[in-house]
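Me: I'd like to learn how to read helices and loops in a model like this one. Can you walk me through it?

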Amino acid sequence: MFLTVFLLGSFLLNYSISESEDLIGNLILCFERATDFLENASERSNVDAVIGFQFLQDQATETLKKWSVKPELHSQYLQLKNLITRLKSVIKRTSFYLQEDDPEYYKGFKKLLVEGFWTPPHSWNETDAALVQTFTGNLACYPISISDQCLKFILGTWEENGEPCTINDICRIVFRLGCSGYALSHQLFYIIIAERNRCIDKVATTFDVKIQEYKKIFCSTMMAENKKIADNEFPDNSHDIFAENIMFCGMAGYSDFYNLAWLQRILTWQDPVTGCFGKRVMYKLPKSTEQVNQQHPRRVKRRERRLKDGCLFHMTSVVIGALGGFLNVL
């Protein structure tokens, strides 16, 4: 069943005006602190980290349009307008360092940092528990190397003067069922990028798939994963995938990921001093990640990197992206 965007604010109906304004204020404060973090760490950032902030900027820009006709949110409107100005400046500065540090990887994914690429969806759907897939146990269900390659085919950055919307048979794996975790979220990510780059009709025809059905299957399974995490009281090492699922499925148009209780819990994860997320996550980064860091100290390809103060770049990015989606539906 499709929903209108106006119904998405229904989870605030039990809140007073002052409580709703407090929630919005807490979100904006969270964004301001996170922007401080990115600004202070811009020379050590990576492309994947900045994507979440560009996502936030695009969500905030759409939100600003809606708030412009709401006089009761005038002060929040001004705060958000200032935040967007700051985000543009910080993202531009950080992108300069990204291009200098690793021009090849930046060239491959710079389209994801273009203003307006992450404009919010205008129609909404809900997940269906009957469509949840069982994990097959295949840990190499959708390898990161193939994920990167397939995204570049869609973006047209797989070679110099590459053709956008290139469809390679290796990318048929995107529609493999039974994946979980990051493999599953990256399958959905491919579909989202294909939609945003106006390649989705070609993808559907080439692979003979019904895109909306796969989106619903993927997000229904990701919803089941998030509910399991919530039922287990949000273990620290699950925060990253929990937020990534909200960010991606929210962008795919699934409104039930914008759960008020989840929003309130996520806001408690931010470090109030640095503005980042992940300082209390104690898992050890994979050796492969450490090796990549030695070669390219400032970035990790779609993998995590911890700063000396304990901040995690990727986690901060996906949490900020997820919260940007919440902002747009309040």
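This is a predicted model: local features need pLDDT of at least 70, side-chain atom pairs count only at pLDDT 80 or more; totals for chains, interfaces and linings use all residues.

Me: Is helix 12 mostly covered or mostly open, and how many of its residues are buried?

Reply: Mostly covered: 17 of its 17 residues are buried.

Me: How do I describe two packed helices?

Reply: You give the angle between their axes and the distance between those axes. Here, take helix 5 (residues 144-155) and helix 6 (residues 181-196): their axes come within 10 Å and cross at roughly 5 degrees. Angles under 35 degrees count as roughly parallel, so helix 5 is roughly parallel to helix 6.

Me: Which residues make that contact?

Reply: Helix 5 brings Ile144, Ser147, Cys150, Leu151, Ile154 and Leu155, while helix 6 brings His186, Phe189, Tyr190, Ile193 and Ala194. By class, this contact of helix 5 with helix 6 has 9 nonpolar, 2 polar and no charged residues. As for spacing, an α-helix has 3.6 residues a turn, so residues three or four places apart point the same way.

Me: What about the loops: where do Asp208 and Glu233 lie?

Reply: Asp208 is in the loop between helix 7 (200-207) and helix 8 (211-231). Its phi is near 55 degrees, a positive value in a residue other than glycine, and Asp208 is exposed at 70% relative accessible area. Glu233 lies in the loop between helix 8 and helix 9 (239-251); its phi is positive too, near 65 degrees, and at 52% relative accessibility Glu233 counts as exposed.

Notes. Residues are numbered from 1 along each chain as its sequence is written. Side-chain values use heavy atoms; hydrogens and water are left out. Axes are lines fitted to C-alpha atoms, for helices over the stretch in contact, and angles run from 0 to 180 degrees between N-to-C directions. Helices (H or I, at least four residues) and strands (E, at least two) are DSSP runs, numbered from the N terminus. Angles under 35 degrees count as roughly parallel, over 145 as roughly antiparallel, 65 to 115 as roughly perpendicular and the rest as oblique. Contact means heavy atoms within 4.5 Å. Ala, Val, Leu, Ile, Met, Phe, Trp, Tyr, Cys and Pro count as nonpolar, Asp, Glu, Lys and Arg as charged, and the others, Gly among them, as polar. Buried means under 20% relative accessible area, exposed over 50%, partly exposed in between (1.4 Å probe, protein chains only).
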